[in-house]
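Student: I have a new model open and would like to understand what I am looking at. Could we go through it together?

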Amino acid sequence: PVLTGGPSTRQVKLDKECELRVEVRPEAPLQLRILSGTAEIFGTEIPPEIWLTFPPSLKFAVFTWYGATIELEGTTETDYTADETPMISYVNVHAVLEGRRNRAKASPDDSVSSQGPRVIVVGPTDSGKSTLSRMLLSWAAKQGWKPTYVDLDVGQGSITIPGCIAATPIEMPIDSVEGIPLEMPLVYYYGQVSPSLNADLYKVLVKELAQTLERQFAGNAESRAAGMVINTMGWIEGVGYEVYVILRFYPDYVALIFLQGCSCYQLIMLGAIEKLCSMLKDVLKSKPGVDVVKLQKSGGVVSRSGKVRNIARKSRIREYFYGPSNDLSPHSNVANFNDLSLYRIGGGPQAPRSALPIGAEPAADPTRLVPVNINTDLLHLVLVVSFAKEPDQIISSNVAGFIYTDIDMQRKKITYLAPSAGELPSKFLIVGTLAYIEN
Ligand code: ATP
């Protein structure tokens, strides 16, 4: 029920080009509506008059280009108004991308100029990369384009769940509450929350994803002209991944978000961004037509500790099954052990110890597939449903989705929760590393 006009209702007047930065309390949702003027949340316009309900712990900003009055119902963890934002420089990037899209649309038969803009967003962890990607996509969708969002950040998983890389067309401005639509994403399962934990596999999957998208664009002039926005991992992990990604996707824009400031932590980042900049210049020397745009980090971006990220990952997995507002009901289905084949990626020694020099430890082969017996160790793990037709296709196949299982060893049956009803599209399942305990 929407409670309005109570003691916790208040109005906030925002001047032009200002934003209200809000952190919803962990224990209760927050309601908000626009009373007058216009405002947007990360590029998506807020509909007038209607109360929107934001789930607990969400962090967001209501930005207005021309001024607006908004009303809040409920208390927040924090909220404050900021009149300094990097939004003008962000929307300028959007304007340049629009120019490229229009040019691409005007020449559908030319194999080079029919390609719309490809933007790669790079920057340190917690610099607002996902937020910038989201704005660029929503602004484009508002103009009627269907750009492709490519999320290579395995840490948070904004398209499906953490541990995946994925791509999906964005046909409408991204819903401020529901997030990225889950209709037809192209998903590859990596299984870790950092590329460095299995760098070889990460690169194999980035290559597969890039090639599949390339094939799709070849047959679809509309999405080709709309282009891509590619979100990456915080590069502090190791600059090499960005370089690899850039070479795979060959962008024409690299939006580099940098931190400004003089605290010790930020100075380290600043130093490192110079290193990234010079590496990018080196990589891009042989690739004409790539612009590197330096953008400032928004002061509103909230830094997250390792613990907070862990909690966010668990709630992402929960959202996959139950929806961000907890309003979806997953379907429960039953399968026999015999009908399923389970595998783990990246286990087992690469070479027998006897074949190695004395004293050397056998290294695990990162892209090796190991069959897994069904037992109670798999309880509370998320299993990944592969589209593979044969086991040797599992690594390079994209995935259909995720299930959460309960195991009955006596009856040799698995009861699983899936977002939709019906049989699984394949019998090949990958055992994930991400646990999710229902409560
Ligand atoms: P990661 O290190 O996980 O890749 P990132 O660089 O992609 O992070 P974001 O996820 O975009 O960073 O932002 C971090 C958090 O800050 C998010 O919860 C986001 O909603 C919030 N945030 C971003 N910009 C603002 C803003 N202007 N006002 C309030 N909150 C914001």
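Student: Gladly starting with the cavity: how do the residues of the lining of the largest cavity divide by class?
Tutor: Keep in mind that this is a predicted model. The lining is made up of Asp151, Gly157, Ser158, Ile159, Thr160, Ile161, Cys164, Ile165 and Ala166. Cys counts as nonpolar and Gly as polar. Sorted that way, the lining has 5 nonpolar, 3 polar and 1 charged.

Student: Which strand gives the largest share of that lining?
Tutor: Look at the end of the list, where you find Cys164, Ile165 and Ala166 among the lining residues. The element that supplies the largest share, 3 residues, spans residues 164–169, and that is strand S12.

Student: What volume does the largest cavity have?
Tutor: The structure holds 1 cavity of 30 Å³ or more. Its volume is about 30 Å³.

Student: Now the ligand, please: how much of its area does the protein bury?
Tutor: Let's begin with some contacts. In the side chain of Ser298, an N or O atom is 3.3 Å from a ligand nitrogen. Taken alone, the ligand exposes 640 Å², and the share buried by the protein is 91%.

Student: Which residues come nearest to the ligand?
Tutor: There are 22 residues around the ligand, and by class they are 6 nonpolar, 8 polar and 8 charged. The nearest are Lys59, Asp126, Lys129, Ser130 and Thr131.

Conventions. Residues numbered from 1 in each chain as written. Predicted model: local features only at pLDDT ≥ 70, side-chain atom pairs only at ≥ 80, totals over all residues. Heavy atoms only, no water. Near = heavy atom within 4 Å. Polar contact = N/O pair within 3.5 Å; in protein donor to acceptor, adjacent residues only side chain to side chain. Areas by Shrake-Rupley, 256 points an atom, 1.4 Å probe, with all protein chains shown as cover. 1 Å grid on protein atoms, 1.4 Å probe; cavity = no way out; pocket = protein on both sides within 12 Å on 5 of 7 lines; lining within 4 Å. Points joined across faces, edges and corners; volume = space filled by probe spheres on them. Helix = DSSP H or I, 4+ residues; strand = E, 2+ residues; numbered from the N terminus.
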